[in-house]
Amino acid sequence: MKKLILCTCNKTLTKWLDFARIEKEVGSTFESIHIHDALCLEEGLTFLDAEVSKDDTVVIGACTSQIIGVPLAERLKSELVSYVPLREHVAWVHKDDQKGATNKALVLLNDAAIHVDFLEPQTAVDIEMEKKVLIVGGGIAGLKVASDLLQLGIEVTLLEPPEFNSKDYLEKNQFMADSSTLKGVVKDLKTTSKGVKKVCGTISKLSGRAGLYSVSLKRDNGKEEEILVGAIIIATNSEHSPPSIAKMCHYGKTNQTLLLSELSTLIAKQTAKESKTIFVTQDPSYHDSSVAGSYLLREVTYAAEKGNTVIVAHSDIHTKDENLYRAARKSGVIFIRGSLEKVSKKKKGLVCRLENTLESQVREFTVDYLVLQTQLKPWSGTRPLADTLGLNLDREGFIKTRYAKMKPVQTSKRGIFIAGNAKTPMNLNDALASASNASLEVFKNLIADGERKGWIPVVDEELCDLCDACVEACPNDALRHEGDLIKHIPMNCEFCGICVSACPTRAIEFQSHSKDSWLTRIESIATKHKKLEGQKPFSLVYACSECANASIDQAGFAGKGYPTGSYVIQFPCAGMVSPIEILKGLVVGAEKIIVAHCPPGGCHHQTGDHLSELVVKFTQDMLKSIGQDPSRVKATYMIAALPNKMQEEVAHRG
Amino acid sequence: MDKRIQLLDAIRAIAVKTPMNDVEVPESVVGFGTIEYKAQTCSACKKCILACEPAALDMEDTLNMHDYLRVTVPQEGFRSKNREVLVTLLQNLKQDHDYGDVQAISVPEGLPGYGSIVWSAEQCIACDKCIEACPEDCLTLQKTYKLPEIIGPIEAPPPRTEGKDWEPFIVCFVCWECSHAAADLAGLMHLHYPASIRTIRLPCSGALEPIHIMTAMANGADGVLVTGCLLSECHYGGDSPKAGNFMQEGFVKFWSDIFEEIGIGGRLNIDFASAAMGIKFAEIVETFTEQIRKLGPTPIQAKTEVQE
Ligand code: SF4
Ligand code: SF4
Ligand code: SF4
Ligand code: SF4
């Protein structure tokens with residue numbers, strides 16, 4: 001039976017919505033209608049227990065599914081449910097137009113009635129997992145992950161790349177904290193991670209899927225080995241590299257010029273009364289991070305405290321810890337703005353010519369040592385490793401996170417995680433925190449018993465041209481062209497539907513969201529709107545179910561009203577929208593189509609924001625070429641933090 | 001494939017005029033034609049490209065809007081439903097039905113699933129393999145040969161002055177069987193036929209390759225005559241439509257049309273005589289010589305002359 005259950009939200013919604021009219025007019029679409037006053041409370045839930053059976057299809061008209069969906073997911077016996085956020089998308093945003101709001105509610109409920117007809121039960125995914133983890137890189141983050149996971153009872157293999165040398169590792173990581181802290185931490189981690197299996201070598205091949213990866217290892221002793229793991233954590237380190245001004249500064253030609261990472265060794269060797277003049281300079285072309293800035297301050301303070309005269313030529317020093325700067329001043333470090341123009345080797349020492357561009361002033365210093373701030377770069381083996389594993393890198397060559405805010409330890413590939421400096425140079429605390437995060441995330445994944453469920457794409461072999469468009473589009477390596485088949489790997493799938501938008505033939509369809517379902521729904525929204533509102537213009541918002549939908553919900557909470565005649569259709573991901581749905585919207589008479597996605601780089605499925613922009617641009621080009629106004633179609637991002645986005649987009653219609 | 005390029009180069013070498021019209025390909029002639037492409041059903045699957053040995057096909061990042069709008073979607077629809085809907089929606093939005101100035105649009109980089117096939121007339125050997133490979137029925141073979149596109153512009157050679165004692169120099173390809181015997185018979189019968197003719201014996205008229213015709217022309221022949229057994233009497237194919245002489249008739253017709261287009265029309269002919277037809281053979285030669293005499297010497301700068 002198809003059932004409609006409405007909630008008045010403790011009778012508050014009756015102020016803006018005419019429930020009696022809804023009940024009357026929606027009548028024949030559903031076999032039963034119930035209006036409840038508090039579905040989310042225990043009494044409401046008990047009512048649903050009794051009312052809804054396994055075979056019913058249900059439309060819930062209440063608050064946003066983000067709220068009501070949570071308790072209902074556990075209590076509703078049927079999986080075939082469509083939610084209409086009458087509160088956030090209708091009542092709260094059309095407060096001054098009861099008739100219009102009620103009309104809109106009718107349109108949306110009618111749409112949901114069609115939507116549930118297309119719903120299929122979610123597919124349970126095979127979640128067989130190898131409860132073992134491979135860590136690449138046995139530095140601080142790597143050791144931390146290893147000891148965390150060991151404590152959680154997970155079997156860990158630690159792979160150390162051939163370049164790895166535990167002796168100089170401490171030195172290489174000095175930018176993360178002062179050396180005594182560092183030493184202490186490493187010592188502790190070594191104790192707690194005892195028992196981890198260590199292997200020296202590199203990864204030569206990866207196959208399988210998230211949860212069941214088969215990794216081929218090439219060991220330093222020449223042996224090849226294949227291991228099965230459920231997850232991989234990349235915990236490689238950063239490397240120091242000489243800055244671009246190294247050559248000008250005679251780096252490598254004289255032992256009077258050194259890198260910042262070499263400074264502490266030099267100071268440590270100094271005898272008590274031996275005081276030197278040390279000139280430390282930044283590289284103007286290197287964008288300084290707060291990690292590098294803090295490191296610089298720590299080192300110069302140490303050198304000054306040992307009785308040296310320390311001059312720092314800087315353009316900009318970033319640090320999150322003001323105290324470091326204060327300590328440096330206190331220890332007697334001299335800070336001078338300016339950039340190094342020339343360095344000449346003289347008998348009395350190195351003559352450094354400094355130009356202060358702001359005051360067009362030139363000064364010369366004769367010093368014993370010239371110290372260059374190093375650049376922190378990704379580990380040199382990062383690119384080959386990323387290529388083997390199929391990971392994306394960011395602009396600087398560090399491993400890219402899937403989604404910086406919400407998924408900071410996930411990489412672009414499911415089942416592969418990052419910790420510590422593999423992502424970006426970090427100070428000790430951040431690196432340890434990120435390592436703990438990664439181990440928890442991996443642990444959660446590996447012990448996730450129960451089911452992983454979702455609507456998945458299904459390929460019809462008969463219709464498939466093997467064009468590979470879906471394979472190319474899938475951001476998660478969840479579709480593979482094997483022989484004469486396109487194979488879906490459910491464990492890698494994020495249920496985003498992006499693949500479906502790419503298919504030229506319709507050989508691949510997304511469960512519950514077939515092409516026909518979109519086309520039918522778009523058409524019926526238009527028909528119903530015209531029936532109730534006549535000539536009044538309307539717009540359609542194709543919103544992704546993540547950020548954009550949250551932003552539209554927030555518009556409701558924040559009371560950022562907008563005109564009625566604006567209908568939101570929720571897509572799993574904005575990347576699932578193809579030119580077909582957009583053009584269909586225009587054909588049925590929508591004045592404007594807005595494709596709302598997550599902010600740039602913030603798509604929860606990695607590429608949806610970018611792809612939907614491309615699709616909209618492409619559709620606009622089609623419209624231009626047939627003499628239609630391309631501005632009727634727009635792609636834009638919406639986020640919860642900007643609740644007025646919806647208002648801005650649909651307010652000025654026409 | 002090199003063979004095709006060689007042949008086209010040979011045609012360019014004997015052309016004295018830029019061809020202006022496409023040439024019809026006779027039914028019996030294989031290996032030449034035009035691949036017609038319907039963009040509106042194409043799924044950009046590249047199967048045709050993989051199938052094409054001479055690499056005559058390629059993929060371009062464009063969408064042919066013109067084809068999309070102009071096509072009539074058949075009753076049963078396209079096999080590719082997404083394309084069908086796209087085409088229908090676009091047609092629906094384009095209400096004025098004026099498709100004249102509709103331009104192709106480019107596909108944004110990074111958007112999979114769209115593209116257009118480009119076909120190169122020059123490389124194509126009309127082997128049909130792409131047509132068999134295409135799952136969406138986008139490709140068909142048309143019996144026309146896009147000569148202007150293939151040959152390109154030709155610079156006319158300086159006109160040649162007719163020497164006083166010029167006699168037509170004709171190369172005659174005769175088949176081993178009937179024609180050669182007919183020529184012999186003509187000789188035995190002391191029938192008079194022009195002396196300016198050089199006969200070259202071939203096993204069968206069907207064995208004559210176009211490059212030989214072009215080579216003869218390039219080397220200063222004023223005309224080329226091909227003779228074979230009477231039609232349906234080919235010693236190698238009888239009355240099958242695949243018999244050598246049948247096929248060659250189609251080919252020679254095709255080549256003469258091409259000769260017409262490249263400015264040397266009338267200088268190629270095919271005819272048939274049985275072993276017993278000495279008189280007929282003499283007549284054939286006579287008529288053709290007369291025709292060439294009227295046309296005058298070949299306008300082609302013979303290779304040998306160029307060398308001198
Ligand atoms: S594109 Fe999305 S839905 Fe499709 S296979 Fe990949 S992850 Fe799954
Ligand atoms: S996009 Fe469609 S036709 Fe192409 S390979 Fe995937 S399922 Fe097959
Ligand atoms: S007919 Fe043959 S040569 Fe021509 S394009 Fe098709 S496959 Fe290539
Ligand atoms: S023409 Fe046919 S074979 Fe070639 S890309 Fe298009 S659909 Fe595929």
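Start at ligand 3 in this predicted model: 13 residues sit around ligand 3, and those that come nearest are Cys52(B), Cys124(B), Ile125(B), Cys127(B) and Cys130(B). Sort that shell by class and you get 11 nonpolar residues, two charged ones and no polar ones.

Now hop over to ligand 2, which also has a shell of 13 residues. Here the closest are Cys464(A), Cys467(A), Asp468(A), Cys470(A) and Cys503(A). The class count for ligand 2 comes out as 10 nonpolar, one polar and two charged residues.

Domain 1 covers 1-120, and domain 5 covers 513-654.

Zoom in on His605(A) next. You'll find His605(A) in the loop that links strand E32 (592-597) to helix H19 (608-625) of chain A. Is this residue buried or exposed? With a relative accessible area of 7%, His605(A) falls under the 20% cut-off, so it counts as buried. Beyond its neighbours within four places in sequence, His605(A) is in contact with Pro475(A), Glu494(A), Cys496(A), Ile498(A), Glu546(A), Pro572(A) and Cys573(A).

Last stop: a sheet in chain B. Four strands make up this open sheet, paired in parallel and ordered E10-E9-E11-E12. Strand E10 (197-202) and strand E12 (268-272) of chain B each have a single partner strand, so they stand at the edges with one side lacking a neighbour in the sheet. On average, and ignoring direction, neighbouring strands of this sheet are turned by 20° against each other.

Look at the pairing of strand E11 (residues 223-228) of chain B with E12(B): the two run parallel and are joined by five bridges. To pick out one contact point, Leu225(B) has Asn269(B) in E12(B) as its bridge partner.

Helices pack here too. Helix H10 (residues 278-295) of chain B packs on the sheet and touches E9, E10, E11 and E12 of chain B, with its direction at about 160° to that of E11(B). Helix H8 (residues 210-218) of chain B, for its part, lies across strand E9 (170-175), E11 and E12 of chain B, running at about 145° to E11(B).

Definitions and conventions
Residues numbered from 1 in each chain as written. Chains lettered and ligands numbered in written order. Predicted model: local features only at pLDDT ≥ 70, side-chain atom pairs only at ≥ 80, totals over all residues. Heavy atoms only, no water. Near = heavy atom within 4 Å. Nonpolar A, V, L, I, M, F, W, Y, C, P; charged D, E, K, R; others polar. Domains from an automatic or database assignment. Buried < 20%, exposed > 50% of the residue type's maximum accessible area, 1.4 Å probe, protein only. Contact = heavy atoms within 4.5 Å. Pairing = 2+ DSSP bridges. Axes fitted to C-alpha atoms, helices over the stretch in contact; angles between N-to-C directions.
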